[in-house]
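Please work through the following exercises with the structure at hand. Each task is followed by a solution in steps.

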Amino acid sequence: VIEKITWNNGILKEGDDINYHIQDGLIRWAEFFERKIEGDATFTYNSSKQITSFEHESYNNNTYTWENDKIISLTSNKGKNSLSITNNKKECKGYNPFMAHLISRNISILDAHPELAGIRTKQLPDKIIGNKDKLEFSYTFTKDGYIETCTFYYQEGNYSPDKHVYIYKWE
C-alpha cells in the first residue's frame, strides 16, 4: 500500500482519509474521514512521551500501562477488553513496527513513524493475551539486529489460529 502523506503547518495528512494534528513531535488529535473509523480521536502521553491513552469518539478507547519502556498491558473499550503483554528479555535494533497496531491497524503512518504516537519501542512480545483472544509471536532478524519478519498466530476463542506474517524492509 502506498500512501500519499503531506505535512503543512503542524498537520500531517494521510491521503484524504486522516488529518493528524502534531504538537511537540506527537500526534495530539486526529480527524478520521474514512467509513471504517470516522470521527475524531485524542492521544495522551506521559512525561516520557509514551502513549497512555487513545480515545476515539466512536471506534475505540485504549489505556496503556508502561514498565521499563515496555507496554505491559492495554485496556480497551472502557475496560471491556484487556490485554496482557508478555515480553521476552530480547530487544531489536530500531523499533518493532507491529507495536503501532496496539493503537490501530488503520493508521498506516505509525508503521514507519511510531514515535509520532509515543509507541516507538524495541520490545519483542512473546504473547498478547486478551479476554477472548491471544497472539503468539516469533521473529527473524537481519544480520544487524533489525526485525526482518514478525510472524504471529491470532486465535479467537476455540477457533483454529490464523497465521500472519509481516515482512519489513529497512532502508
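The model is predicted, so local features need pLDDT of at least 70, side-chain atom pairs count only at pLDDT 80 or more, and totals for chains, interfaces and linings use all residues. Residues are numbered from 1 along each chain as its sequence is written, and side-chain values use heavy atoms, with hydrogens and water left out.

**Exercise 1.** Classify the ring pair of Phe98 and Phe137.

Step 1. Rings of Phe, Tyr and Trp (its six-membered ring) pair if their centres lie within 6.5 Å; planes under 30 degrees apart count as stacked, over 60 as edge-to-face and the rest as tilted.
Step 2. The centres of Phe98 and Phe137 are 5.1 Å apart and the planes stand at 70 degrees, so this pair is edge-to-face.

**Exercise 2.** Classify the ring pair of Phe137 and Phe152.

Step 1. The distance is 5.6 Å centre to centre, with 40 degrees between the planes.
Step 2. The pair of Phe137 and Phe152 is therefore tilted.
Step 3. Ring pairs link Phe137 and Phe152 into a cluster with Phe98, Tyr139, Phe141, Tyr166 and Tyr168. The structure holds 11 aromatic pairs.

**Exercise 3.** Determine whether Phe137 and Phe152 are buried or exposed.

Step 1. Buried means under 20% relative accessible area, exposed over 50%, and partly exposed in between (1.4 Å probe, protein chains only).
Step 2. Phe137 has 10% relative accessibility and therefore counts as buried.
Step 3. Phe152 has a relative accessible area of 6%, so Phe152 is buried.
Step 4. Phe98 is buried as well.
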